[in-house]
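Take a moment with the sequence and the 3D view. We will walk through two places, one step at a time.

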Amino acid sequence: MKLALSTLTLLCVALAVPFTPYQTPLADADAFLEQFDGSNPEWKESHAQRDGEFSYVGRWLVEPAEVSVLEGDKGLVAKSPAAHHAISYKLKTPFINKGKDLVLQYETKFQKGLNCGGGYIKLLSAGPELDEDFNNDTPYQVMFGPDKCGSTNKVHFIVKRKLPDGTYEEKHLRTPPMAKVLDLSTLYTLVIRKDNSFEVRINGEVAKAGNLLDELLFSPSFNPPKEIEDPDDVKPEDWVDEAEIPDPEQPEKPADWDEDAPLKIRDPSAVKPADWDEDMPAYIPDPDAEKPEDWDDEEDGEWIAVEIPNPECEKHGCGPWEAPLIDNPDYKGKWTQPYIPNPDYKGPWAPRMIPNPDYYEDINASDLEPIGGLGFELWTMDKDLYFDNIYLGHLVEEAEKIGNETTKVKLELELKLKEEEYKKADLKVDSPITDEESPSWTEQASEYLEFGLMFAEAFINQANNFMVDLLDDPITVLTDRKKEGLVYAAVFGLIFSVVFGVVAVVLLKLTLGLDEGVNATMTGKEMREKREKDELEKLEKLVKKQQTEKQQSEKLEKIEEDVKSTSVKTSKTEVSKRG
Ligand SMILES: *[C@@H]1O[C@H](CO)[C@@H](O)[C@H](O)[C@H]1NC(C)=O
């Protein structure tokens, strides 16, 4: 372990490139870039309180990453495990995206991985609330970025939108992409264009794209549905619900339909083999069986040798011959009246659609309210979440360039580092000198198991996301993602049937197998002895049970007494205190 760490440090030094902040001035006056190089010291840790206690006890530090590939590079690090963290930055001038594109980009590196924690950023609404301590209720416009806990893993994209009645509603991207939770620098980019289109990019690659006004993409949608089901419409009493009816033209069983014809019959074309010996018995008493010495004919009955299959019959058939069974061509089974489509059926009843009285059109969904600041407000179980290179601006190309010159450089160096590590590890396994270090089969098995578990977890994640979406909006999910749903259903079905199958077989073995075993190997006397022994054991158990029950009730009584005496004591001391 020490060796690995020291080689890692060596490699770091070997790979480290001096950090220089992004130099080019930003194109727009209200654009913002934060590289934690000391030029914006105004980040403010939240000391918000709730019920007289500090809500955000997690510590923030500006420091280099633990495995730093750029010498002198620093980021903002959420330091505390299992704690709420909040920190914000108030922009010098509010950021206005009206009629312009908005690009929000930042870098994450979950240095200890991300098992349960948020890594998202909020664009805070401009307003007097920004001068108060940042907290969960501070108004925001956009929430964007990774969030993972157990089976939930997503890159949030939420717009908090003002409705015509003045209240706000969170519009959630319905099927967000999965977050990257490895300890590697990762770049998250959100683009909201003035034409209402949006993109979520991870490391420069588009992970999700669409239009804010697409009703299927956001929950709830930015614009409510134009039409809704008429709540006053009622189903007519004479509505026909049956899609099919029994065929009136075939009310009775046809005369030639024989319900009693058997499923199988003896093959009429079969012929008895010439060498089949009907007189030879198929079973004979075991010639090797011997009467046990302690067998008592009077008590145990007449001794009979066990029968075994006649070895003679292996050469040719023995015993009474019967033709083999075949499917009966005349088999018809029970007759039922056939069904035909109901001519009166008009389909399932649904209320008529009427114009939605609450309809409104948010045609400029991309126009956010002025943004006064940025902040992280997170709960995390994992510590050392590293954030860097935050950009809020209007130009995709500018964000790309910054990403290419910062996060991308780091990621490439980090990948090179990982590659070296893996190479080292591989060499160790292959080299003959370190024979004893080659993984044992248990280690290999546990690796496979780990991989399997990882795979299973990923699958369960996906299925869980699907279920969440399904519950959220069953109709769209069922129409758009039918295949996905079928796969989950099939896999879970398979797992259940395998598990139940195994349990059933084991139970069967336990119940049947035991009895058979006992019968096959025991003589009458042994069985009788066993029965007597069982009875005795039962009796002993009963006595023991009664004893423990008695002891328990005694104990309980004692405890009750103790409690009574202590409460008497306490009330006495209280009285004496008061006195
Ligand atoms: C950033 O890098 C990508 C991939 O190398 C490239 O396609 C893109 O043009 C670059 N963007 C800018 C603005 O340099």
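What follows looks at the ligand and its surroundings, then at one residue in a loop.

Keep in mind that this is a predicted model. Start at the ligand. Which residues are around it? They are Glu397, Glu400, Lys401, Asn404 and Lys408. Now find helix α3, which spans residues 396-405. Helix α3 gives the most to the shell around the ligand, with 4 residues. Sort the shell by class. It has 4 charged residues and 1 polar residue, but no nonpolar ones.

Next, look at single atoms. Begin with glutamate 400. An N or O atom in its side chain is 3.0 Å from a nitrogen atom of the ligand. How much of the ligand does the protein cover? On its own, the ligand has 370 Å² of accessible area, and the protein covers 44% of that.

Asparagine 356 sits in the loop between β27 (353-355) and β28 (371-380). Is asparagine 356 buried or exposed? Its relative accessible area is 11%. Buried means under 20%, so asparagine 356 counts as buried. What is asparagine 356 in contact with, leaving aside its neighbours within four places in sequence? The contacts are Pro224, Pro225, Lys226, Glu227 and Ile228.

Conventions: Residues numbered from 1 in each chain as written. Predicted model: local features only at pLDDT ≥ 70, side-chain atom pairs only at ≥ 80, totals over all residues. Heavy atoms only, no water. Near = heavy atom within 4 Å. Polar contact = N/O pair within 3.5 Å; in protein donor to acceptor, adjacent residues only side chain to side chain. Areas by Shrake-Rupley, 256 points an atom, 1.4 Å probe, with all protein chains shown as cover. Helix = DSSP H or I, 4+ residues; strand = E, 2+ residues; numbered from the N terminus. Nonpolar A, V, L, I, M, F, W, Y, C, P; charged D, E, K, R; others polar. Buried < 20%, exposed > 50% of the residue type's maximum accessible area, 1.4 Å probe, protein only. Contact = heavy atoms within 4.5 Å.
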